Amino acid sequence: MTMRVLVLGAGFGGLELTTTLCERLGEEVEVTLLDRNDAFVFGFSKLDAMFGLASDEEVRHPYRDLGRPGLRFRRETITSLDPARRRVTTDRGVHEGEILVIALGADYEAAATPGLVAGKNEFYTLEGATALREALAKFRGGDTVVGVCAAPFKCPPAPSEAALLLHDHLTARRLREGSTITLVLPFETPIPVSPATSEALLTTFRERGIRFVAGRSVARVDAPRRAVELDDGRSLPCDLFLGVPKHVAPRVVVESGLTEDGWVPVDPGTLATRFPGVYAIGDVTGLEVPMAGLFAESAARTVAQAILAGATGGARPPKYSGAGACYVEFGGGRVGRTDVDFLSGPEPTASFVGPTRALAAEKRAGAVARRARWFGTGAASP
Ligand SMILES: Cc1cc2nc3c(=O)[nH]c(=O)nc-3n(C[C@H](O)[C@H](O)[C@H](O)COP(=O)(O)OP(=O)(O)OC[C@H]3O[C@@H](n4cnc5c(N)ncnc54)[C@H](O)[C@@H]3O)c2cc1C
């Protein structure tokens, strides 16, 4: 009998999971993949979009190009989720599966921060990154702030990367001398798990004249007063704000009763939830790993192997290690890499490779390869 697998969310985790299952099981599995959007966008492409390094068209990968045997993609918005019955209701109908995998990522709650407006002064959505590209084009110099409104947030290096790319952007337009750049992070160091990465970033901030405000969040964006207010009451001058909104689990997941402390608890070794046949992967989980595509992807591989083992009677997969490589943009076309392992040992471990152009090429090549694998398209821009 054909096994029915229902995958919620066609992001990093959902795409990797469905690709692996369809590759390995072909017609023996019927995979239904649901997503409300019509295209996938790599997270880092939002930085490219914001700084005018790629067009919207170049960074959007339409789901209509997904065409593997056994895979049914449906563009539908999930409106309710019943984990006990592995049943999902959408704006178009009802779906059920023997296996249900929740890969719905994290949503944003811009309204939690007065003055922060979704799609306008944040760069975590493509719409917001595009709006900021237009704001940057009009910018003639002044005080800029790259600021995080709450932890946890996706891709811990992304705000540091944004500050360094902003430096490059303003320098290229001869606006840097008449501008300040301040980075506000809710951590004491840019990448707490990796002192070496943090030290390299702090050194680069000093060289570029970027001010780092550690251990604070942005509590309010006060555009009329041209200022942002921090959570300790301090005020910073701000003519242009590049914001990271508060993250929350998608409402449909919260309403299903699956969350504890805001996120979905899972067995760290297997990604299983407390409901039989129901897994959760990626940013939606409460796992002690960063919200990053590479961790969603490795979690997807662990779950895919467990499903394959169930279908074919093969060996159970090894425990999920929470390991992955995070690329970090340092500006000037150079990228560093932090290799981290969060769950194998008693404490997370990390190592750092300093920024080079070769690592920038490695990062791009990884995205091109994933696009080719998930969408079956030839090598093209990520
Ligand atoms: C600026 C920025 C830079 C980043 N840089 C990197 C990087 O360099 N490296 C890296 O590894 N990660 C990076 N990330 C993080 C990365 O994008 C995410 O961590 C990753 O996409 C998480 O994968 P996921 O599968 O858990 O969720 P997602 O990829 O977010 O996918 C979730 C999917 O669920 C869908 N969905 C949600 N709710 C519903 C609903 N009700 N109905 C239907 N569909 C729904 C969404 O449309 C989405 O497609 C970056 C993120 C940002 C914002």
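Predicted model: local features only at pLDDT ≥ 70, side-chain atom pairs only at ≥ 80, totals over all residues.
Residues are numbered from 1 along each chain as its sequence is written.

**View 1**
Asp-261 has a positive phi of about 50° although it is not a glycine. For background, most residues other than glycine have a negative phi, and most peptide bonds are trans. Asp-261 is exposed, with 7 other C-beta atoms within 10 Å. Burial works like this: a residue is buried if 20 or more other C-beta atoms lie within 10 Å of its own, exposed if 12 or fewer, and partly exposed in between, with C-beta atoms placed from the backbone. Pro-276 sits in the loop between H7 and E19 too, and it counts as exposed with 11 C-beta neighbours inside 10 Å. Pro-276 and Glu-98 are 178 residues apart along the chain, yet their C-alpha atoms are separated by 9.6 Å. The helix and strand labels are DSSP runs numbered from the N terminus (helices are H or I with at least four residues, strands are E with at least two).

**View 2**
Leu-8 stands opposite Ile-102 in E9. E9 also pairs with E19, again in the parallel sense, over 3 bridges; here the bridge partner of Ile-102 is Ala-280 in E19.

**View 1. The largest nonpolar core.**
This core has 107 residues, and those with the most contacts inside it are Leu-8, Val-101, Ile-102, Ala-103, Ile-281, Val-284 and Val-303. A nonpolar core means a set of buried Ala, Val, Leu, Ile, Met, Phe, Trp, Tyr and Cys residues joined through C-beta atoms within 7 Å. Domain 1 (3-106 + 249-320) and domain 2 (110-247) both give residues to this core, so it lies between them. Zoom in on Val-101: leaving out residues up to four places away in sequence, it touches Val-5, Val-7, Leu-8, Leu-17, Tyr-279, Ile-281 and Val-303.

The ligand is surrounded by 35 residues, the closest being Gly-9, Gly-11, Gly-43, Gly-105 and Gly-282. A residue is near a molecule or strand if its C-beta atom, placed from the backbone, lies within 6 Å of it. Helix H1 (12-25), strand E2 (29-35), helix H2 (45-50) and helix H8 (293-312) each supply at least two residues of the shell. By class, the shell has 20 nonpolar, 10 polar and 5 charged residues. For these classes, Ala, Val, Leu, Ile, Met, Phe, Trp, Tyr, Cys and Pro are nonpolar, Asp, Glu, Lys and Arg are charged, and the others, Gly among them, are polar.

The chain is assigned domain 1 (3-106 + 249-320) and domain 2 (110-247), with bounds from an automatic or database domain assignment. Taken over C-alpha atoms, the domain centres are 30 Å apart. The contact takes 14 residues from domain 1 and 17 residues from domain 2, with two residues in contact if their C-beta atoms, placed from the backbone, lie within 7 Å. H2 gives the most to the side of domain 1 that touches domain 2, with 4 residues. That side of domain 1 divides into 9 nonpolar, 2 polar and 3 charged residues.

Arg-86, in the loop between strand E6 (78-82) and strand E7 (87-90), has a positive phi near 50°. Arg-86 is buried, with 20 other C-beta atoms within 10 Å. A cis peptide bond joins Ala-151 and Pro-152, with omega about 0°. In the hairpin of E14 and E15, which has 4 residues between the strands, Arg-226 takes a positive phi near 50°.

Technical notes: Pairing = 2+ DSSP bridges.
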